[in-house]
Amino acid sequence: MRAIPNIQFPDAEHFAFFFEDTHLLFIVFERDARRQLFLIRESAGETVILDFPGDLYEARVRDAIERIFFVDLAEEAHDQKRLVMGACFPVGNEMYGAYYDRESDWQTLYFLRVTGEGEAISLEAVEDPEEHRIVSEAFTDRYQGVFVIEV
């Protein structure tokens with residue numbers, strides 16, 4: 001087996017996330033506004049093995065998340081937060097995004113409901129306590145072995 005080189009992109013940001021049950025990596029090159037999407041095949045320590053997801057799957061994922069991957073969230077009496085998607089997952093017949101603050105730790109998640117698709121896609125805050133509980137439980141059940149989730 002040939003050695004795998006240590007490849008780094010020093011001028012890019014890396015964002016690992018889940019689309020349903022698939023672990024993906026978005027590599028963002030701000031200078032050229034270019035985004036590359038890869039499958040994360042394996043991850044152990046500082047080694048991450050990537051693969052190309054295929055044109056059809058990449059197009060499907062990009063159509064579903066590209067316009068809503070980065071979000072600016074304005075809350076009353078709080079500074080605006082710059083959020084990034086950590087997961088996009090179904091709950092019943094609805095899709096939801098779990099977002100975290102790009103400029104702080106990953107301890108706080110914000111759940112947003114995905115409405116529409118393609119050009120008409122948008123996000124709505126999950127404000128109803130019962131809906132929030134259901135979405136939170138679905139997230140915890142789905143990703144418990146992946147994320148450190150404190151209840």
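A: Gladly. The accessible surface of the protein comes to about 10100 Å², and 48% of it belongs to carbon and sulfur atoms. Such areas come from the Shrake-Rupley method with a 1.4 Å probe, and for residues only the protein chains shown count as cover. Please keep in mind that this is a predicted model, where local features need pLDDT of at least 70, side-chain atom pairs count only at pLDDT 80 or more, and totals for chains, interfaces and linings use all residues. Residues are numbered from 1 along each chain as its sequence is written, and side-chain values use heavy atoms, with hydrogens and water left out.

Q: What makes up the secondary structure of the protein?
A: There are two helices and nine strands, which follow one another from the N terminus as β-β-β-β-α-β-β-β-β-β-α. Helices (H or I, at least four residues) and strands (E, at least two) are DSSP runs, numbered from the N terminus.

Q: Why is the protein called as compact as a globular protein of its length?
A: The globule rule is 2.2 Å times the number of residues to the power 0.38, and the radius of gyration is taken over C-alpha atoms. For 151 residues the rule gives 15 Å, and the protein has 16 Å, which is close, so it is as compact as a globular protein of that length. Along its principal axes, the C-alpha trace spans about 55 × 35 × 30 Å.

Q: Why does Ala87 count as buried?
A: Buried means under 20% relative accessible area, exposed over 50%, and partly exposed in between (1.4 Å probe, protein chains only). Ala87 has 0% relative accessibility, so it counts as buried. This residue lies in strand β6 (residues 81-91). Leaving aside neighbours within four places in sequence, Ala87 is in contact (heavy atoms within 4.5 Å) with Phe18, Tyr96, Gly97, Ala98, Phe139 and Tyr143. In the protein as a whole, buried residues make up 34% of the 151 residues.

Q: Is Glu131 buried or exposed, and how do you know?
A: Glu131 has a relative accessible area of 17%, so it is buried. Its place is in helix α2 (residues 129-143). Not counting residues up to four places away in sequence, Glu131 touches Tyr96, Arg113 and Val126.

Q: What makes Glu20 partly exposed?
A: Its relative accessibility is 23%, so Glu20 counts as partly exposed. Glu20 sits in the loop between β1 and β2 and has a positive phi of about 60 degrees, although it is not a glycine.

Q: And why does Ala33 count as exposed?
A: At 68% relative accessibility, Ala33 counts as exposed. Its place is in the loop between β2 and β3. Ala33 is not a glycine either, yet it has a positive phi of about 55 degrees.

Q: How do you know which residues line the largest pocket?
A: A pocket is an open set of points on a 1 Å grid over the protein atoms alone, where a 1.4 Å probe fits, with protein on both sides within 12 Å along at least five of seven lines; lining residues have an atom within 4 Å of a point. The largest pocket is lined by 27 residues, of which Leu25, Thr47, Val48, Ile49 and Leu50 lie nearest its centre. Two or more lining residues come from each of β1 (13-19), β2 (22-29), β3 (34-44) and β4 (47-51).
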